[in-house]
Amino acid sequence: MASFQLPRRALLALVLGLAAAVAQATPSASEQKLIDTLILRVSKMTTMTFMRNGNEHNAADAAKHMQAKFDHFKDEIATAEDFIDRCASRSEVTGKAYKIKMPNGSMRDANEFLNAELRTLRRGSSGRPGAG
């Protein structure tokens, strides 16, 4: 029976170690660069208005808010998609989705819009912000 205990304990230690690693997920260097780039792109979208809980915010304020939320939730974020979902799509307080008012006055869901921007970044396009 003692010979079975050692492998079982090793397996348990491995499982617990993996669980701890997942619980403390942080972005890889490439994902961190995408997140930083998304925040920077948002800060430059000066012709758009960012709607949060019914209030209008300019691009700089929206980017600062996303950065602050990212700093707070960083240990729970492993990918740029996680960042968009956790920090740039909805209010943690009210649960309301964030919206973006486009230059032509139309409204877009922030999650949809930022995921389109991310797809553009992943394709390596250096197109202008907001074109995605």
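The axes of α2 (residues 29-43) and α5 (residues 110-122) cross at roughly 125° and come within 11 Å. Here an axis is a line fitted to C-alpha atoms over the stretch in contact, and angles run from 0 to 180 degrees between N-to-C directions.

A word on the source: this is a predicted model, where local features need pLDDT of at least 70 and side-chain atom pairs count only at pLDDT 80 or more, while totals for chains, interfaces and linings use all residues. Residues are numbered from 1 along each chain as its sequence is written, and side-chain values use heavy atoms, with hydrogens and water left out.

Let's return to the helix pair. The crossing of α2 and α5 is right-handed, meaning that the near helix is turned clockwise from the far one by less than a right angle. On the α2 side, the contact (heavy atoms within 4.5 Å) includes Leu 34, Leu 38 and Val 42. Among the α5 residues taking part are Leu 114, Leu 118 and Leu 121.

Now step back to the protein chain. It has five helices and four strands, which are DSSP runs (H or I, at least four residues, for helices; E, at least two, for strands) numbered from the N terminus. Starting at the N terminus, the order is α-α-β-β-α-α-β-β-α. Of the 132 residues, 34% are buried, that is, under 20% relative accessible area with a 1.4 Å probe, protein chains only.

Definitions and conventions:
Buried < 20%, exposed > 50% of the residue type's maximum accessible area, 1.4 Å probe, protein only.
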